[in-house]
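Biologist: Could you take a close look at one helix for me and tell me what surrounds it? After that, I would be glad to hear about the charged pairs elsewhere in the chain.

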Amino acid sequence: YFEHFPGIWRHGDFIKITETGGVNVYGRSDATLNRGGVRIGTAEIYGPVEALPEVEDSLVVERRVAATSEVVLFVVLASGQMLTEDLIQNIRRVVREQESPRHVPDKILQITDVPRTISGKKVELAVARILNGQPVTNREVLANPNSLNQFEVIARNWT
């Protein structure tokens, strides 16, 4: 933890300190997606997506599809917003412009709640496990374990 900045603790989470002194935890800086052999940090996608006024929160995971995978972005929208085709295209445009075409998610779906640990970190791995047909065995570490139910429904109904 002290190797990156000598004498300074570097934990590995991307955060933003708000104007009111709160902290938004965007996730592990080493959480990565493998997009066609290119490693992408999930926080690279969260930044531009969550800067949009229509988006309150988001979660991005990788879902295996045959011999490859797809990047799936889940969004919690601000009150009164709907996930329209225009908003989906705007999210894709913003991610492409602020990051790269490789960062653009394959699918964008609306959810009601992002699963988080008790300390507030996004829980990407549990969602990826659900979408990839694997069990999640450590729900007790979640502040909101029922948030995983929506992903189980999505996984069952995936086409």
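Modeller: Happy to. Helix α4 packs its buried residues against β5 (55-65), β6 (68-77), β7 (107-110) and α3 (124-131). Please keep in mind that this is a predicted model. The helix itself covers residues 148-157, and its buried residues are Leu 148, Gln 150, Phe 151 and Ile 154. Viewed down the axis of α4, these buried residues stay within an arc of 150 degrees, so they line one face of the helix. Arg 156 and Asn 157, on the other side of α4, are exposed.

The structure holds 6 salt bridges. In one of them, Asp 57 is joined to Lys 122, with the closest N and O atoms 3.2 Å apart. Asp 57 sits in strand β5 while Lys 122 belongs to the loop between β7 and α3, so this pair ties together parts that are 65 residues apart in sequence. Asp 57 and Lys 122 are both buried.

Lys 122 has another partner: it forms a salt bridge with Glu 50, where the closest N and O atoms are 2.4 Å apart. This pair, too, links distant parts of the chain, since Glu 50 is in helix α1 (residues 42-50), 72 residues from Lys 122. Glu 50 is buried, as is Lys 122. A further salt bridge is formed by the side chains of Glu 70 and Arg 63, at 2.7 Å from N to O, and both of these residues are buried. Through shared partners, salt bridges join Glu 50, Asp 57, Arg 116 and Lys 122 into one network.

Two other places are worth a look while you have the model open. Strands β3 (residues 32-35) and β4 (residues 38-41) pair in the antiparallel sense over 4 bridges, and Thr 32 stands opposite Gly 41 of β4. The hairpin of β3 and β4 has 2 residues between the strands, and Gly 36 takes a positive phi near 60 degrees there.

Val 23 has its place in strand β2 (residues 23-28). Its relative accessibility is 48%, so Val 23 counts as partly exposed.

Methods:
Residues numbered from 1 in each chain as written. Predicted model: local features only at pLDDT ≥ 70, side-chain atom pairs only at ≥ 80, totals over all residues. Heavy atoms only, no water. Pairing = 2+ DSSP bridges. Buried < 20%, exposed > 50% of the residue type's maximum accessible area, 1.4 Å probe, protein only. Arc of directions from axis to C-beta. Contact = heavy atoms within 4.5 Å. Salt bridge = Lys/Arg side-chain N within 4 Å of Asp/Glu carboxyl O.
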